[in-house]
Amino acid sequence: MNERLAAGRQDSFATLLGALIFAIFTYLFYDTVSIPETPLEPPDARLILRAFHYTLGLSVWALVAIRLSWWWRGPRPVPPPGLPPAAFAFSRAILLALLMTFFVTAIIGVVYAFADGQPVSFYGFRLPTLIPESYPLRAFGGYFHSAFGFYYLGLVALWLLVGIYQHVRYRAGLLRLLPGSRV
Ligand code: HEM
C-alpha cells in the first residue's frame with residue numbers, strides 16, 4: 001500500500017482494523033462483565049455467554065495479530081503538528097503495549113478454557129481439543145488471564161491520561177484518542 005500519510009494520520013487499513021478491534025472488543029467487554037452477574041443455575045445462560053466470549057475473544061486476537069504485523073509492515077505515521085517525536089513515540093508505545101496485551105490475554109484464555117475442560121467454539125464451530133484437562137494449567141491460565149484481563153484497563157487509563165496531557169500541553173487534539181484515522 002503506497003498511501004501518502006498526512007501529519008497525524010494513519011493509513012486506511014490501520015484505521016479499519018482499529019475500528020473493528022474497538023467495536024468487537026466493546027461487545028467482548030460487555031459479555032465479560034455479564035458472566036459473573038448471570039446466575040449459575042440453570043447453566044445455559046453462562047454457557048451462551050462463554051461461547052460468545054470465546055468467539056469474540058478469538059476475533060479480537062485474530063484482528064490484533066493482523067494489526068501487529070501491519071504495525072511493522074505498514075506505512076509509519078508522522079506526529080500531528082506540534083507534538084514532539086518523543087511524545088508521539090510514547091503514546092504509540094502505550095498503544096503497542098495494549099495490542100500486545102490483548103494478543104497474550106487471548107492465547108492464555110485458550111489455555112485456560114481447554115485446561116478447564118470447556119468446549120471452545122468459534123462462530124459455532126467447535127475447535128478440536130488442543131490441550132487436555134489439567135488443574136495446574138487451569139490455575140495458571142485462570143490467574144494470568146484474569147491478571148492481563150484487568151491490566152489492560154490500566155493501559156487504557158494511561159493512554160487517556162497521556163493523551164489529555166499531550167492535548168493540554170501541545171494542542172495535539174483529543175479526537176486522536178478515539179478509533180479513527182487520527183494518531
Ligand atoms: C482479548 C481477548 C480477551 C480478553 C480481554 C479477555 C478478558 C477476560 C476477563 C477480564 C475475564 C474475567 C476474569 C475474571 O473474572 O477474573 C475473562 C474470563 C474468561 N475468559 Fe477471557 N478474554 C479474552 C479472550 C478469551 C479467549 C480467546 C478465551 C478462550 C478461547 C477466553 C477464555 C476465558 C474463560 C474460560 C474465562 C472464565 C469465564 C467464567 O468465569 O466462566 N478469553 N476473560
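Trainee: How many helices and strands are in the chain?

Mentor: Helices (H or I, at least four residues) and strands (E, at least two) are DSSP runs, numbered from the N terminus. The chain has four helices and two strands. Along the sequence the pattern is α-α-α-β-β-α. This is a predicted model: local features need pLDDT of at least 70, side-chain atom pairs count only at pLDDT 80 or more, and totals for chains, interfaces and linings use all residues. Residues are numbered from 1 along each chain as its sequence is written.

Trainee: What span does helix 3 reach from its first C-alpha to its last?

Mentor: The expected span of a helix is 1.5 Å times one less than its number of residues. Helix 3 has 31 residues and reaches 45 Å, close to the 45 Å expected. Gly117 follows helix 3, with a positive phi near 75°.

Trainee: Which residues in helix 3 are buried?

Mentor: A residue is buried if 20 or more other C-beta atoms, placed from the backbone, lie within 10 Å of its own. In helix 3, the buried residues include Leu99, Phe102, Ala106 and Gly109. An α-helix has 3.6 residues a turn, so residues three or four places apart point the same way. The buried residues of helix 3 pack against helix 2 and helix 4. Of the 183 residues of the chain, 19% count as buried.

Trainee: Which helices each supply at least two residues of the shell around the ligand?

Mentor: Helix 2 (44–73), helix 3 (85–115) and helix 4 (135–170) do. Of the 21 residues around the ligand, Tyr54, Gly57, Gly109, Ser146 and Gly149 come nearest. A residue is near a molecule if its C-beta atom, placed from the backbone, lies within 6 Å of it.

Conventions
Buried ≥ 20, exposed ≤ 12 C-beta atoms within 10 Å, placed from the backbone. Contact = placed C-beta atoms within 7 Å.
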